[in-house]
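Q: I have a structure to read and would like to go through its features one at a time. Please start with how open a residue is to its surroundings.

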Amino acid sequence: MSVIVPARNEEACLGACLESLAAQTGVGFEIILVNDASTDRTREIAQSFPLVRMVEVDIPPSGWTGKNNAMAAGARVARGDWLLFTDADTVHLPGSTARAVAEAKQHGDALLSYSPEQEVHGFWEGAVMPVIFAELAVTYQPSWVSDPRSSAAAANGQYILITREAYDAIGGHGAVSDSLLEDVAVAKAVKASGRKIFFRFGGDAVRTRMYRSFAQLREGWTKNLALLFPAPQRLAILRLLEFLLIIGSLVTVIFEIIQHRSRPAIAASVLCVVLFDIFIGRIKKAHFPFKANAVAIFGLPMFAYLLWRSRLFHKHGKVLWKGRTYAGSANNHVGTAASAVPAECNEAAPITSESEEEWST
């Protein structure tokens, strides 16, 4: 198998990712690090791992996002029957790649995707991330996605394992070259081709810390949220109203108790408990620790803000990610249509490769 890691200025996390990949056992593999014009120590860190094959890409061609360009470049030099696309901020548990291939083969899947365990640090990560992933769990229910009879399709770009045959058949990342939500678009293309996909929470295989500052969190979700949800403005209003109702009912309880009015206090208490129970029931689907769930209520207004911001930035065509500006996809919540194109269309900027090490298939 071939593990393909696109990396643009990932010095903060790349070492841990490559270390965890290099230590995998139970399956023959190569690791391809695609250095996407990094200006930090990304290249130096990658070169410190003898098993890592280096591919260099520069400015993406017109009609391509940087990440799609990098992943296509990695796929073109990959030699495995299975391709694992994984982000530089992931850490892979021992033996997880072999287990993932076995799981995909067991189900007869052409594409298997794990949603990693999310690490959160600090107040805003702990508050916002459970709210977002709870919404994703509702919108992209794994049971629907994994059901061949359902048209629902999704994948998490932090971990996508796909057969070489299926990847080439749908046109690879060339078929979704301008999509900012390429993971879902690729999954839709695979499922539309009649092949099976499997999607689940993968905390037993991989973990990640997506963002390391509030600025990164805001930029990343501004890029994605308007594409992930079909009606981001309506959802923003609903979640803001939910927050106001929960906090408002709690304030009412306290006020009525101070005023020694028991019946209004009891009524407000019941409303508060019911609303909070509904909220927690949804949050639990996101697989976050109790500490994060405890502050997630304060993530509701921030989630509403990020949804609204994402919609506006896509509408005005100025989505910023990793120093590059994209036009956005204001009219399509899953980005570019995932129609198949010939494999030879999967071309991008010229690449060079280094460290042509032998590997076992």
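Q: Is Phe123 buried, partly exposed or exposed?
A: Buried means under 20% relative accessible area, exposed means over 50%, and partly exposed is in between (1.4 Å probe, protein chains only). Phe123 has 41% relative accessibility, so Phe123 counts as partly exposed. The model is predicted: local features need pLDDT of at least 70, side-chain atom pairs count only at pLDDT 80 or more, and totals for chains, interfaces and linings use all residues. Residues are numbered from 1 along each chain as its sequence is written, and side-chain values use heavy atoms, with hydrogens and water left out.

Q: How do I read an aromatic pair?
A: A pair of aromatic rings is described by the distance of the centres and the angle of the planes. Rings of Phe, Tyr and Trp (its six-membered ring) pair if their centres lie within 6.5 Å; planes under 30 degrees apart count as stacked, over 60 as edge-to-face and the rest as tilted. Searching the whole structure gives ten aromatic pairs. One of them joins Phe85 and Tyr167, a tilted pair with 5.4 Å centre to centre and 35 degrees between the planes.

Q: Which parts does the pair of Phe85 and Tyr167 tie together?
A: Helices (H or I, at least four residues) and strands (E, at least two) are DSSP runs, numbered from the N terminus. Phe85 is in strand S4 (residues 82-86) and Tyr167 in helix H7 (residues 164-169), so the pair ties together parts 82 residues apart in sequence. Phe85 and Tyr167 are both buried.

Q: What kind of pair do Phe123 and Phe298 form?
A: Their ring centres are 6.2 Å apart and their planes lie at 45 degrees, so this pair is tilted. Phe123 belongs to helix H5 (residues 123-139) and Phe298 to the loop between helix H12 (290-295) and helix H13 (299-315), so parts 175 residues apart in sequence are tied together. Phe298, at 38% relative accessibility, counts as partly exposed. Ring pairs also link Phe123, Trp124, Phe214 and Phe298 into a cluster.

Q: How can I check the length of H5?
A: The expected span of a helix is 1.5 Å times one less than its number of residues. H5 has 17 residues and should span 24 Å; its end C-alpha atoms are 25 Å apart, which agrees. Of the 17 residues of H5, 13 are buried, so the helix is largely enclosed by the rest of the structure.

Q: Which residues line the largest cavity?
A: On a 1 Å grid over the protein atoms alone, a cavity is a set of points where a 1.4 Å probe fits but cannot get out; lining residues have an atom within 4 Å of a point. The structure holds one cavity of 30 Å³ or more. The lining of the largest cavity consists of Met71, Phe85, Ile160, Ile162, Tyr167, His173, Glu182, Asp183 and Val186. The largest share of this lining, three residues, comes from H8.

Note on methods: 1 Å grid on protein atoms, 1.4 Å probe; cavity = no way out; pocket = protein on both sides within 12 Å on 5 of 7 lines; lining within 4 Å. Points joined across faces, edges and corners; volume = space filled by probe spheres on them.
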